[in-house]
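This report sets out selected features of one model, arranged by ligand surroundings, helix packing and backbone geometry. The sequence and structure are shown first.

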Amino acid sequence: MTARKSARNPEDRCRLYLITPPRLDDPAAFAETLAAALDGGDVACLQLRLKDVDDDTVRRVAEVLVPVAQARDVAVIMNDRPDLAVETGCDGVHVGQEDSPLDAARRIVGPDRIVGVTCHDSRHLAMEAGEGGADYVAFGAFFPTDTKEAKTRAEVDLLQWWAQAMIVPVVAIGGIGPDNARPLIEAGADFLAVSAGVWAWPDGPRDAVTRLNALMEEHSPEREKV
Ligand SMILES: Cc1ncc(COP(=O)(O)OP(=O)(O)O)c(N)n1
Ligand SMILES: Cc1ncsc1CCOP(=O)(O)O
Ligand SMILES: [Mg+2]
């Protein structure tokens with residue numbers, strides 16, 4: 001994921017933004033699952049999204065997973081915690097509307113790390129985040145999900161509107177998997193953020209990554225020209 005695109009590159013195709021499961025009881029075992037998934041195709045970044053765990057647990061998981069991702073040129077984004085993003089060598093942080101505000105997160109992680117912001121289904125929040133220097137805005141949830149009690153449902157036309165009018169990259173999130181990703185790619189999402197749709201895919205995470213990449217490739221601007 002490139003930080004602060006100065007203009008939308010028409011040759012950029014949609015890319016995959018993986019999110020970890022919210023609990024990882026055996027990080028070493030998950031590191032193998034992750035490596036297999038990342039070897040299934042292009043992945044732009046991995047978000048460490050651990051919920052209801054203490055900071056030392058986050059540190060231990062990061063110690064195991066960050067090298068696996070970064071060795072494959074996959075950027076690592078820490079969820080919620082700009083301080084831990086810096087401490088654990090992550091490439092950026094994702095903050096929600098109830099987390100650290102964007103300007104505080106930016107001060108902590110500095111100008112060179114990525115800062116992404118949850119914007120639910122709100123044009124207003126997204127424009128505020130874009131103007132405030134976010135590296136991407138995230139809309140969702142696009143589909144029902146058991147991973148989080150999502151506050152809002154976002155519609156495809158929101159994605160389309162943003163992608164056509166704005167420069168800041170847009171992430172679509174919520175219940176996305178190989179079976180329903182197509183309309184979001186067609187609408188112009190720069191990234192699809194996926195958790196259960198990869199980790200719980202019946203044919204395994206590697207297959208899910210391969211299938212999502214095939215869909216993204218099918219709809220890449222380069223491919224559409226020929
Ligand atoms: C890429 C991306 N988009 C949205 C979220 C949700 O963030 P938030 O609203 O802060 O909720 P939690 O994930 O912290 O439960 C996200 N994590 N990543
Ligand atoms: C973190 C988050 N924010 C909105 S929906 C969601 C869950 C994403 O996980 P999944 O891809 O399993 O729906
Ligand atoms: Mg959050």
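## Surroundings of ligand 2

How many residues surround ligand 2, and which are the closest? In this predicted model, the shell around ligand 2 holds 15 residues. Thr145, Thr147, Gly174, Ser195 and Ala196 are the closest of them.

Sorted by class, the shell around ligand 2 comprises 7 nonpolar residues, 7 polar residues and 1 charged residue.

## Surroundings of ligand 1

Ligand 1 is surrounded by 15 residues, and the closest are Gly96, Thr118, Ala138, Ile173 and Ala193.

The class composition of the shell around ligand 1 is 4 nonpolar, 7 polar and 4 charged residues.

## Annotated binding site

An unreviewed UniProt entry carries the annotation "binding site" for Asp80 and Asp99. Asp80 is located in the loop that runs between strand 3 (75-79) and helix 3 (82-87).

## Packing of helix 1 with helix 9

Helix 1 (residues 27-38) packs with helix 9 (residues 205-218) at an angle of about 25 degrees, and the two axes are 7 Å apart. Because angles under 35 degrees count as roughly parallel, helix 1 is roughly parallel to helix 9. The crossing of helix 1 past helix 9 is right-handed.

On the side of helix 1, the contact is made by Thr33, Ala36 and Ala37, while helix 9 contributes Pro205, Arg206 and Val209. The residues of this contact fall into 4 nonpolar, 1 polar and 1 charged.

## Packing of helix 1 with helix 2

Helix 1 also packs with helix 2 (residues 55-70), here at an angle of about 20 degrees and with the axes 10 Å apart. This angle makes helix 1 roughly parallel to helix 2. The crossing of helix 1 and helix 2 is right-handed.

In this contact, Pro27, Ala28, Ala31, Leu34, Ala35 and Leu38 of helix 1 meet Arg60, Val61, Val64, Leu65, Val68 and Ala69 of helix 2. By class, the contact of helix 1 with helix 2 has 11 nonpolar residues, 1 charged residue and no polar residues.

## Backbone geometry in the loops

Which two residues are joined by a cis peptide bond? The bond lies between Gly140 and Ala141, with omega about 0 degrees. Ala141 belongs to the loop between strand 6 and helix 6 (156-165).

Asp52 has a positive phi of about 55 degrees, although this residue is not a glycine. The position of Asp52 is in the loop between strand 2 (45-48) and helix 2.

Terms used: Residues are numbered from 1 along each chain as its sequence is written. Chains are lettered from A and ligands numbered from 1 in the order in which they are written. This is a predicted model: local features need pLDDT of at least 70, side-chain atom pairs count only at pLDDT 80 or more; totals for chains, interfaces and linings use all residues. A residue is near a molecule or strand if its C-beta atom, placed from the backbone, lies within 6 Å of it. Ala, Val, Leu, Ile, Met, Phe, Trp, Tyr, Cys and Pro count as nonpolar, Asp, Glu, Lys and Arg as charged, and the others, Gly among them, as polar. Axes are lines fitted to C-alpha atoms, for helices over the stretch in contact, and angles run from 0 to 180 degrees between N-to-C directions. Helices (H or I, at least four residues) and strands (E, at least two) are DSSP runs, numbered from the N terminus. Angles under 35 degrees count as roughly parallel, over 145 as roughly antiparallel, 65 to 115 as roughly perpendicular and the rest as oblique. A crossing is left-handed if the near helix is turned anticlockwise from the far one by less than a right angle, and right-handed if clockwise. Two residues are in contact if their C-beta atoms, placed from the backbone, lie within 7 Å. UniProt positions are given in the numbering used here, feature names are shortened, and annotations may be inferred rather than shown by experiment.
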